[in-house]
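Here is a short briefing on one protein chain. Look over the sequence and the structure, then read the points below.

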Amino acid sequence: MTARVLRAAALTIGFALAGLLGLVAALDGGDTYRDIARSSGVSQAAFHAPPDLTWYVGLEGLVDLHQRTLGYVQGDRSELPLFATTARPLFDDNERSHMADVRAVFQATKVAFVVGLLILFGVLRWTPRPLRVRLARDASVAAGIGVAVIAVAAAVAFDPLFLLFHEVFFPQGNFLFGPDSNLLILYPDQYWYGVTLRIGVAFVALMAVIGLAATVTLRRARR
């Protein structure tokens, strides 16, 4: 019984790491950014640079800035976007410092994703074949319930949880910006709420599919 519980716990962690981080990679692109912006009524934004420069950017321009910023934090680009056609950075020193920290966290998530896959394959490989389906059912249900609880908490108290997330992963404290921050203009609260909700719902749905498929398989095996 203890071995089964440990295997189920390990598989739950594997599902969470591989599933959530895989969905982050799948849902953080330009299409998601565009959909969230449209659903929020965002068609353009104005970026500012001291002392008096203003740059108006339409929706497709915002999507392009998001993709270029995302490319930087993912390690595919060496620099963050510039302000319009100038040589000035779009983000100020504090914002660029934070984005460098985000880049480091993204590199760590790549490792965590691989670890999650290794856990999944390792646990299933060393579990007796008759128990694999039952174990997958139990772990998928546990992972789905765990993420669903967090998603519900985020739905009713998103700001405190979002702040806690930053305090845990960015103890440097360089994640607080003024209301005129270009980083906050590119990534307003509704973006983070929307993308978090999509990832959470997609993960719970994925775990539900795995759990349902495992349950059907077990019932057929009993006949």
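## Salt bridges and a buried serine

Asp-35 is partly exposed, with a relative accessibility of 36%. The model is a predicted one. Asp-35 pairs with Arg-198 in a salt bridge, and their closest N and O atoms are 3.8 Å apart. Asp-35 sits in helix α2 and Arg-198 in helix α8, so this pair ties together parts 163 residues apart in sequence.

**Salt bridges**

- The whole structure holds 7 salt bridges.
- Arg-198, the partner of Asp-35, is partly exposed at 33% relative accessibility.
- Asp-31 and Arg-34 also form a salt bridge, at 3.0 Å from N to O.
- These two residues, Asp-31 and Arg-34, are 3 residues apart in helix α2, which means about one helical turn separates them.
- Asp-31 is exposed at 55% relative accessibility, but Arg-34 is buried at 16%.
- Asp-93 and Arg-96 form another salt bridge, with their closest N and O atoms 2.5 Å apart.
- Asp-93 and Arg-96 lie 3 residues apart in helix α4 (residues 93-125), about one helical turn.
- Residues three or four places apart in an α-helix point the same way, because the helix has 3.6 residues a turn.
- Asp-93 is exposed, at 58% relative accessible area, while Arg-96 is partly exposed at 29%.

**Helix α8**

- Helix α8 covers residues 189-222.
- The buried residues of α8 include Tyr-191, Phe-203, Met-207 and Gly-211.
- The buried residues of α8 pack against α1, α2, α3 and α5.

- Ser-140 belongs to helix α5 (residues 129-156).
- Ser-140 counts as buried because its relative accessible area is 1%, and buried means under 20%.
- A polar atom of the Ser-140 side chain lies 2.9 Å from the backbone oxygen of Ala-136.
- The Ser-140 side chain also reaches the backbone nitrogen of Gly-211, at 3.4 Å.
- Gly-211 is in helix α8 and is buried, at 6% relative accessibility.
- Beyond its neighbours within four places in sequence, Gly-211 contacts Arg-137 and Ser-140.
- Gly-211 and Gly-144 are 67 residues apart in sequence, yet 9.1 Å apart in space, C-alpha to C-alpha.

**A nonpolar surface patch**

- Leu-161, Leu-164, Phe-165, Val-168 and Phe-169 form a nonpolar patch on the surface.
- Together they have about 440 Å² of accessible area.
- Val-168 is in helix α6 (residues 158-169) and is exposed, at 54% relative accessible area.

Key: Residues numbered from 1 in each chain as written. Predicted model: local features only at pLDDT ≥ 70, side-chain atom pairs only at ≥ 80, totals over all residues. Heavy atoms only, no water. Patch = residues over 30% accessible without salt bridge, like charges linked within 9 Å, V, L, I, M, F, W, Y side chains within 5 Å. Areas by Shrake-Rupley, 256 points an atom, 1.4 Å probe, with all protein chains shown as cover. Salt bridge = Lys/Arg side-chain N within 4 Å of Asp/Glu carboxyl O. Helix = DSSP H or I, 4+ residues; strand = E, 2+ residues; numbered from the N terminus. Buried < 20%, exposed > 50% of the residue type's maximum accessible area, 1.4 Å probe, protein only. Polar contact = N/O pair within 3.5 Å; in protein donor to acceptor, adjacent residues only side chain to side chain. Expected span 1.5 Å × (residues − 1). Contact = heavy atoms within 4.5 Å.
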